[in-house]
Amino acid sequence: MLVGCATTTTVCPLGTKLDGARTPEGRVQWCRSSSTLAALPMPGRTYAGVIGFTGAAAMPGGVQGPFTTWYPSGTISSHGHYLDFGARSVPDGLWGFWYPSGQRRTLGLYLRGVPMGCFAVWDEAGTRSTGYVEGEQLRIDGCTPPSDDELLAAEGRAGADQSGPVHGDISAHGFVGSGGIGARNSGQIERDPDLSAVFNLTARARFGRIRVGPTFGVRVSDGIGSYLGLTMGAAIAIGLPRFHHRLDAELGLEVSAQRTSLTAMRPNQPGTAELAFWSPIGAAQLALAFQLTPNLAALLVARVDGAPHHSVESDVSYCIVGGCLPPTRETWDLGGFALGAALGLRLEIE
């Protein structure tokens with residue numbers, strides 16, 4: 001029976017596919033890198049006591065990435081990662097095992113199938129011992145085992161506020177919505193040019209749930225003449241509690257300065273004039289990221305941006321071939337709001 005959800009703490013690596021099965025011994029879930037796979041052992045199901053050691057088993061080739069098993073009761077049994085070497089797949093990285101009661105049993109690191117460094121083991125009463133693995137035995141020693149942060153997440157104890165391994169991200173999205181370009185004049189051929197599209201690029205650092213960094217944008221009009229807005233500013237967002245391991249939601253704000261350049265054209269007025277205005281612009285958005293790979297996510301964004309209306313006066317000279325006409329005083333209305341949706345991609349940086 002195939003399992004439809006991803007592993008407890010992460011998603012499958014690029015080039016692998018989520019798979020799973022349910023057996024009388026419980027449920028198992030893994031990431032496979034080949035189309036065929038032999039029967040999977042259920043690692044760590046036997047245990048020789050606190051002074052003995054049975055760890056993660058090697059697999060048939062084709063297993064790559066996170067691996068999780070559960071007891072028939074639904075309690076987690078084991079969690080770790082495999083490394084695929086073709087004919088064999090071996091445990092690599094942090095592994096943990098649990099008793100059917102949910103009590104911790106074993107915690108330790110593997111390097112290409114070999115137990116490395118200090119391991120921690122617990123008896124069913126919760127008493128912990130530490131030591132080094134030597135063959136099938138654990139040599140008791142007062143050493144320091146690896147951090148159990150990943151296993152806390154596997155147990156479902158990691159809160160939404162806990163920092164993950166992602167330290168930053170870079171995202172790009174295109175926004176389409178209703179609204180104006182942000183510069184209008186009632187005496188122009190195009191009195192209020194409509195906003196055609198917005199393209200944004202944002203790079204952020206992450207501090208727990210807080211994400212902050214610079215943002216850059218391009219705003220394009222589909223009206224008569226050339227209306228173009230270039231924005232540069234800062235973005236800040238807060239990550240919302242996750243309701244699915246592949247989905248990341250956040251609320252964000254942006255504060256920027258926009259340079260709007262345009263070609264002014266008046267009816268019954270020969271020539272054109274090139275103008276540019278600076279104005280503030282802000283944005284608020286709700287973004288939902290769907291994890292495609294461990295580091296790449298698809299973005300769906302609901303967004304509103306713009307600024308309050310304000311007037312700017314400018315002396316404008318309309319030029320034709322051979323010269324320019326005397327300047328005329330014009331009042332331009334800047335600001336306004338646009339509302340719409342955006343699609344994009346986000347690259348996470350560890």
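User: Which residue stands opposite aspartate 84 in S6?

Analyst: Serine 89 stands opposite aspartate 84. The model is predicted.

User: What makes S5 and S6 a pair of strands?

Analyst: Pairing needs at least two bridges. S5 and S6 (residues 88–91) have three, in the antiparallel sense, so they count as paired. Three residues lie between the strands of this hairpin. Among them is glycine 86, with a positive phi near 90 degrees.

User: How do you know that S4 and S5 pair?

Analyst: The cut-off is again at least two bridges. S4 (residues 63–70) and S5 (residues 76–84) share six, and therefore they pair. Their sense is antiparallel. Threonine 69 stands opposite serine 78 in S5. The S4 and S5 hairpin has five residues between its strands. Glycine 74 in that turn has a positive phi of about 100 degrees.

User: Why does S7 count as a partner of S5?

Analyst: Two bridges join S5 to S7 (residues 93–98), and the rule asks for at least two, so the pair qualifies. The two strands run antiparallel. Histidine 79 has glycine 96 in S7 as its bridge partner.

User: Why is leucine 286 called partly exposed?

Analyst: Its relative accessible area is 42%. Buried means under 20% and exposed means over 50%, so a value in between is partly exposed. Leucine 286 is found in strand S18 (residues 273–291).

User: Which residues touch the most other members of the largest nonpolar core?

Analyst: They are Leu262, Ala264, Leu275 and Trp332, out of 22 core residues. Elements giving two or more residues are S14 (195–207), S17, S18, S19 (296–316) and S22 (328–349). S18 gives the largest share, five residues.

User: What is leucine 275 in contact with, leaving aside its neighbours within four places in sequence?

Analyst: Leucine 275 is in contact with Thr260, Ser261, Leu262, Ala264, Val316 and Trp332. Contact means heavy atoms within 4.5 Å.

User: What makes Val63 and Phe67 core residues?

Analyst: They belong to a second, separate core of 13 residues, which also includes Tyr110 and Phe119. Core members are buried nonpolar residues joined through side-chain atoms within 4.5 Å, and buried means under 20% relative accessible area.

Technical notes: Residues are numbered from 1 along each chain as its sequence is written. This is a predicted model: local features need pLDDT of at least 70, side-chain atom pairs count only at pLDDT 80 or more; totals for chains, interfaces and linings use all residues. Side-chain values use heavy atoms; hydrogens and water are left out. Helices (H or I, at least four residues) and strands (E, at least two) are DSSP runs, numbered from the N terminus. Buried means under 20% relative accessible area, exposed over 50%, partly exposed in between (1.4 Å probe, protein chains only).
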